Amino acid sequence: MAVPLPGYSPSFKRPPEIVRLRRKRSRSHGAAAPSALPEPTPRRAALAAGLPLRPFPTAGGRGGAAAAVPRRNPFARLDNRPRVADEAREEPSRGPQGAPDSHTEVKQTLVVSGFSPHSPERLLCQLLDSNGENNLLWKEASHERTVTELSQSQHVPFSESDPTSSEGTELPADWSIKTRLLFTSSRPFSWAEHLKAQEEAQGLLQHCRAAEVTLPQSIQDPRLCTELRCAFQQTLVYWLHPAFSWLPLFPRIGADRKMAGKSSPWSHDETLQHTLMSDWSVSFTSLYNLLKTKLCPFFYVCTYQFTVLFRAAGLAGSDVVTALISPTTRGLREAMKNEGIEFCLPLLEASGYKKKVREANLEYDEEQAASDEDEEESLSWLEEIGVQDQIKKPDTISIKLLREKHEVQVDHRPESAVLVKGPNAFTLLNFLINCKSLVATSGAQAGLPPTLLSPVAFRGASMQMLKARSINVKTHALSGYRDQFSLEITGPIMPHALHSVTMLLRSSQRGSFSAGMYAHEPTAVFNVRLPLDEDLHRKVDHKDLANCGLHSKTLEQLSQIPLLGKSSLRNVEMSDYIYNWRS
């Protein structure tokens, strides 16, 4: 049975009676300073043992005496043993952070009485605990100064802190779909909210007519700039199919939890499922026809298993229509091969993966041939006794899976991204329309067609708006607090919207803002560089895309060869109209 320690309270609802708080107030006229607290027994024992200790705090002098730290809460620990010297005075030897304030009026001191140690080990443990509490209080007293200095030390240029960062006057093309953008600036974003009815209507009209708005480099008062507010409304528009206001239709990968419990009358109605798929096929075909005639620059097909990006000829450095699928599985790639669709895996080809797989298959064939000969010799005696039919041999499917184990290893990874080019893109269109595994058969997404996302209108599409809101907060600064303004945009943010918003903020925030970008991870691999043709210096002409509905500068950016690989933009900072970005 444990022996209760003297002065120990088993209940933390009330502090020990041996601890009492004495408040001392300084007087205006000079008086003799009170004598310092006597050093406790544990401290004297530790000093006798030769241990290096910090100076023991005094009760505090008058006039120029140091300000005491607010007293420690006795309920902060379950172990309510008496603490020795819980309030430490800041000493000049601790550095610049320990500079005391001589004008503090209230002094708080914990006076401890009735403490009797039991052993030297006990004394040392209590002493170390009291010193640890003093350190904690000292750190809390200088919290604001520490935070400020830490933020200054961590503010380094992007190019020095991350090898995947760079700078320039323009951002690289980012083909991933963003789910959230958070812009911060020292200038307010109040111009982005509470649009007038006329401004909202004008913005929608500009989007439908693909009007190109050119703003000056710097806007003095953004709240009074009607062109800026209308252009911002124009940037937030996107087109979606199918559209159900009670269901979140993006993202689709891993969205079962968000859709669980929502009404889905088509999940058990085959007639309704057939109607939805018929309408979806019409919309999908309409989008591809717009893409082929260069009236639509790109669009996305989002299924519950993978995402497909179709790009028109002239974008991403390609002179033909391209389609990227990510992530994929061996079964999907096998089905595409059976339909005669030619494709490649750009990330694996760049790393020489095919050569490694070919060598591994040749090695496996040699080992398999040798093992077959040994097996025939070893099983010949079974034929003599007539039991060879009862021995189970490996079937052809198992052998095929064993040979393709290297291809299975990349399933559901960014390396499994598939590239389809040229006429094979049309074959992929027919394959996706007739693919039964395109729609889930069970779960929250059962019977729901894939989501189509496009920057331009198409047959059966629904006009949607990205959500934007501005937030004002107070942040710590050297001189106190300062205003920090932020603008948050959520929704399926496609590449053209990202570039358009940054162009608007360049003018409204006078070339100074920062942004945090959150991408839908399965689409980050869409920034992979496409395999180039033999003529490396051939330039792809994108002038035929002038009527696709994008701003000329946005179109010029998206026509460049992707540089981000299988990553996407994470942080962007503009200073003096120069971008610093990190992926």
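Contact is taken here to mean heavy atoms within 4.5 Å, and helices (H or I, at least four residues) and strands (E, at least two) are DSSP runs numbered from the N terminus. The structure is a predicted model, in which local features need pLDDT of at least 70 and side-chain atom pairs count only at pLDDT 80 or more, while totals for chains, interfaces and linings use all residues. Residues are numbered from 1 along each chain as its sequence is written, and side-chain values use heavy atoms, with hydrogens and water left out.

Helix H6 covers residues 226-235, and eight of its 10 residues are buried (under 20% relative accessible area, with exposed meaning over 50% and partly exposed in between, for a 1.4 Å probe and protein chains only). Helix H6 is therefore largely enclosed by the rest of the structure. The buried residues of H6 are Leu 228, Arg 229, Cys 230, Ala 231, Phe 232, Gln 233, Gln 234 and Thr 235, and what covers them includes helix H5 (197-208), E5, E11, E12, E13 and helix H15 (495-508).

Leu 228, which lies in helix H6, has a relative accessible area of 0%. Leaving aside its neighbours within four places in sequence, Leu 228 is in contact with Trp 191, Leu 215, Ile 219, Pro 222, Leu 504 and Ser 508. Leu 215 is 13 residues from Leu 228 along the chain, and the C-alpha atoms of these two residues are separated by 7.4 Å.

Seven strands form an open sheet in the order E9-E8-E7-E6-E10-E5-E11, and the pairing is antiparallel; two strands count as paired if DSSP finds at least two bridges between them. Strand E9 (418-421) and strand E11 (462-465) stand at the edges with a single partner strand each, so one side of each is left without a neighbour in the sheet. On average, and with direction ignored, neighbouring strands of this sheet are turned by 25 degrees against each other. Within the sheet, E6 is joined by three bridges to strand E10 (residues 451-454), the two running antiparallel, and Val 301 stands opposite Leu 452 in E10.

Helix H8 lies across strand E5 (237-241), E6, E7 and E10, running at about 155 degrees to E6; axes are lines fitted to C-alpha atoms, for helices over the stretch in contact, and angles run from 0 to 180 degrees between N-to-C directions. H8 also packs with helix H14 (residues 424-434) at an angle of about 170 degrees, with their axes 11 Å apart. That makes H8 roughly antiparallel to H14, a term for angles over 145 degrees, whereas under 35 counts as roughly parallel, 65 to 115 as roughly perpendicular and the rest as oblique. The contact is made by Trp 280, Ser 281, Phe 284, Thr 285 and Tyr 288 of H8 together with Ala 425, Phe 426, Leu 429, Leu 432 and Ile 433 of H14.

## Aromatic pairs

The structure holds 14 aromatic pairs, where rings of Phe, Tyr and Trp (its six-membered ring) pair if their centres lie within 6.5 Å, and planes under 30 degrees apart count as stacked, over 60 as edge-to-face and the rest as tilted. Two of these pairs share Phe 310.

| Pair | Centre to centre | Angle between planes | Arrangement |
|---|---|---|---|
| Phe 284 and Phe 310 | 6.0 Å | 70 degrees | edge-to-face |
| Phe 299 and Phe 310 | 4.9 Å | 10 degrees | stacked |

Phe 284 lies in helix H8 (residues 270-292) and Phe 310 in strand E7 (residues 307-311), so their pair ties together parts that are 26 residues apart in sequence. Phe 299 lies in strand E6 (residues 298-302), so its pair with Phe 310 in strand E7 ties together parts that are 11 residues apart in sequence. Phe 284 and Phe 310 are both buried, and Phe 299 is buried as well. One aromatic cluster is formed by Trp 280, Phe 284, Tyr 288, Phe 299, Phe 310 and Phe 426.

Lys 292 lies over the face of Phe 426, at 6.0 Å from the ring centre, a placement that requires NZ of Lys or CZ of Arg to be within 6 Å of the ring centre and within 35 degrees of the ring normal.

## Strands E12 and E13

Strand E12 (residues 467-477) and E13 pair in the antiparallel sense over 11 bridges, and they form a hairpin with two residues between them.
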